[in-house]
Amino acid sequence: MHKHQSELAVPTSVLFVCLGNICRSPTAEGVFRHRLQQAGLADQVRVDSAGTGAWHVGKAPDERARQAAAGRGYDLSPLRARQVCSHDFEDFDLILAMDQSNLQDLQSLCPVEYQHKIRLLLDYAGEAAEREVPDPYYGDGDGFQRVLDLVENASDGLLSALRG
Ligand code: 4NP
């Protein structure tokens, strides 16, 4: 009897992916971690984030992303950017892209046997009209609130999906 496995449906590890890993995917990591903690599931789901690009590797999330997140009670300050690497496709059960460009980049890097793990984050956002989390990096501050709105919505759907 594998009792611990009955407490949560698979998957049990999630990687959020954007371009730079300093705005959208660390926001998703912080929000979803917080949701898991509230649900008492933090020990059962591994969560990480990464970027398809390498420009910001080692950096903390963008100041604007950190401030917007802090305004809603999420602390992104411990996070550090890293690039997606080949073993992520084996290591994670679910790999969630912020936009179509990230999705295509991941699909082109991913071995055929793991392609099924890759999806758009907003596939979990229920009836939302959008399928993509827009890149806020070059826009105004509103873009970061929009990221939070979309990520919070999708996080609720993702948590429900993990619970079966
Ligand atoms: P992210 O935003 O993909 O949400 O982290 C970006 C951050 C940096 C750049 C682009 C997008 N950049 O071109 O440096």
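R66 and E63 sit 3 residues apart in helix α3, so about one helical turn separates them. Helices here are DSSP runs of H or I with at least four residues, strands are runs of E with at least two, and both are numbered from the N terminus. R66 and E63 form a salt bridge, with their closest N and O atoms 3.9 Å apart. A salt bridge means a side-chain nitrogen of Lys or Arg within 4 Å of a carboxyl oxygen of Asp or Glu. R66 is partly exposed at 29% relative accessibility. E63 is partly exposed too, at 44%. Buried means under 20% relative accessible area, exposed over 50%, and partly exposed in between (1.4 Å probe, protein chains only).

This is a predicted model: local features need pLDDT of at least 70, side-chain atom pairs count only at pLDDT 80 or more, and totals for chains, interfaces and linings use all residues. Residues are numbered from 1 along each chain as its sequence is written, and side-chain values use heavy atoms, leaving out hydrogens and water.

Stay with α3, residues 63-70. A65, A68 and A69 are buried there. They cover an arc of only 100° around the axis, so they lie on the same side of α3. The arc is taken from the directions between the helix axis and the C-beta atoms. These buried residues pack against α2 (24-39) and α6 (142-163); contact means heavy atoms within 4.5 Å. On the face turned away, Q67 and A70 are exposed. At the N-terminal end, D62 caps the helix: one of its side-chain oxygens lies 2.8 Å from the backbone nitrogen of R64.

Now look at the salt bridges. The structure holds 13 of them. In one, D48 pairs with R82, the closest N and O atoms being 3.0 Å apart. D48 lies in strand β2 (residues 46-51) and R82 in the loop between α3 and α4 (88-91), so the pair ties together parts 34 residues apart in sequence. In another, R72 meets E152 at 2.9 Å between the closest N and O atoms. This pair links the loop between α3 and α4 with helix α6, 80 residues apart. R72 is partly exposed at 28%, while E152 is buried at 17%.

Residues around it include C18, N21, H56 and Y137, each with a heavy atom within 4 Å of it. A polar side-chain atom of R24 lies 2.8 Å from a ligand oxygen. For D135, a polar side-chain atom lies 3.4 Å from a ligand oxygen.

Notes. A polar contact is a pair of N or O atoms within 3.5 Å; within protein, one must be able to donate a hydrogen and the other to accept it, and residues adjacent in sequence count only if both atoms are side-chain atoms.
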